[in-house]
Amino acid sequence: AEMFAELRRINPDVVAWVEVDNTNISYPVCRSEEDFTYLDTDVYGEYSVSGSIFMTHANKADFSDNYLVLLGHHMQADAMFGPLDKFLDEAFFNENVTARIYLPDRILELETVAMCEADAYDYLLFSAPSYNMKGLIKQISKKALFERGAALKKKEQLIALATCSSGGTNERHILMCRVIEEKAPATVGD
C-alpha cells in the first residue's frame with residue numbers, strides 16, 4: 001500500500017495495483033489518454049521494453065465502469081502478464097480463483113471466471129466499458145478455454161486481464177474476472 005501511494009505521487013497515471021494469487025502478477029496499473037503510452041514506458045515514465053500494465057483509456061480511472069480491460073505484455077521469466085499463461089493449464093485455472101485490485105479508496109476482490117483465447121480485434125472483448133453486456137457474456141463463453149463459477153450476469157462488474165499469446169501476432173489470452181466484493185482499504189496494522 002505504501003508503494004502504491006508513493007508511485008501515485010511520482011506518476012499520477014498510476015490508478016491501481018493488480019495482484020493475481022499464486023502468480024508473480026503484482027503490479028501498478030497505469031492509465032493514459034493514449035493506450036500505447038505504456039507499451040514501452042514503465043511506471044516511472046522511463047523507456048522500458050516490458051512497459052507497464054495499463055487500462056484502456058476509454059475506462060474511467062476510478063474503476064466505476066461495468067467492464068474494464070487491463071493490458072500487459074507477455075514477457076519471459078514470468079514478468080508482467082506472462083504468468084497469465086499458467087491459467088492455460090486447466091488444473092491451475094481450477095485451483096486459482098482469487099485476484100484483487102487495490103484502488104486509493106477501496107479494494108476489489110476478484111474471482112477468476114474464464115480463460116479466453118481471442119483475436120486482438122475482437123470488438124466485444126476489447127471494448128470497454130461495455131454497451132452490450134449480454135453480447136460480451138456470450139462472447140466470453142464462446143472464447144473460453146475454461147470457465148467456472150456461477151453464470152455471469154449483466155449487472156456484474158467484469159475485469160479482463162489481457163496479454164499477447166506466444167502464438168499468433170493478434171492472438172490474445174484474457175483472464176476474465178468478476179468483482180465479488182468491495183472492501184475498505186487496509187490500514188496499517190490490519
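These questions and answers cover the fold of a predicted model.

Residues are numbered from 1 along each chain as its sequence is written. Local features need pLDDT of at least 70, side-chain atom pairs count only at pLDDT 80 or more, and totals for chains, interfaces and linings use all residues, while side-chain values use heavy atoms, with hydrogens and water left out.

Q: How many helices and strands does the protein have?
A: Helices (H or I, at least four residues) and strands (E, at least two) are DSSP runs, numbered from the N terminus. Along the sequence they follow α-β-β-β-β-α-β-β-α-α-β-β-β. The count is four helices and nine strands.

Q: Why is strand 2 described as largely enclosed by the rest of the structure?
A: Buried means under 20% relative accessible area, exposed over 50%, partly exposed in between (1.4 Å probe, protein chains only). In the protein, buried residues make up 52% of the 190 residues. Strand 2 covers residues 26-30 and is largely enclosed because of its buried residues, four of the five.

Q: In which sense do strand 1 and strand 2 pair?
A: Two strands pair if DSSP finds at least two bridges between them. Val14 has Cys30 of strand 2 as its bridge partner. The hairpin of these strands has five residues between them, with Asn22 at a positive phi near 60°. Strand 1 (residues 14-20) and strand 2 share five bridges, and the sense is antiparallel.

Q: Which residue in strand 3 is the bridge partner of Cys30?
A: Strand 3 spans residues 53-55 and pairs with strand 2 in the parallel sense over two bridges. In strand 3, the partner of Cys30 is Phe54.
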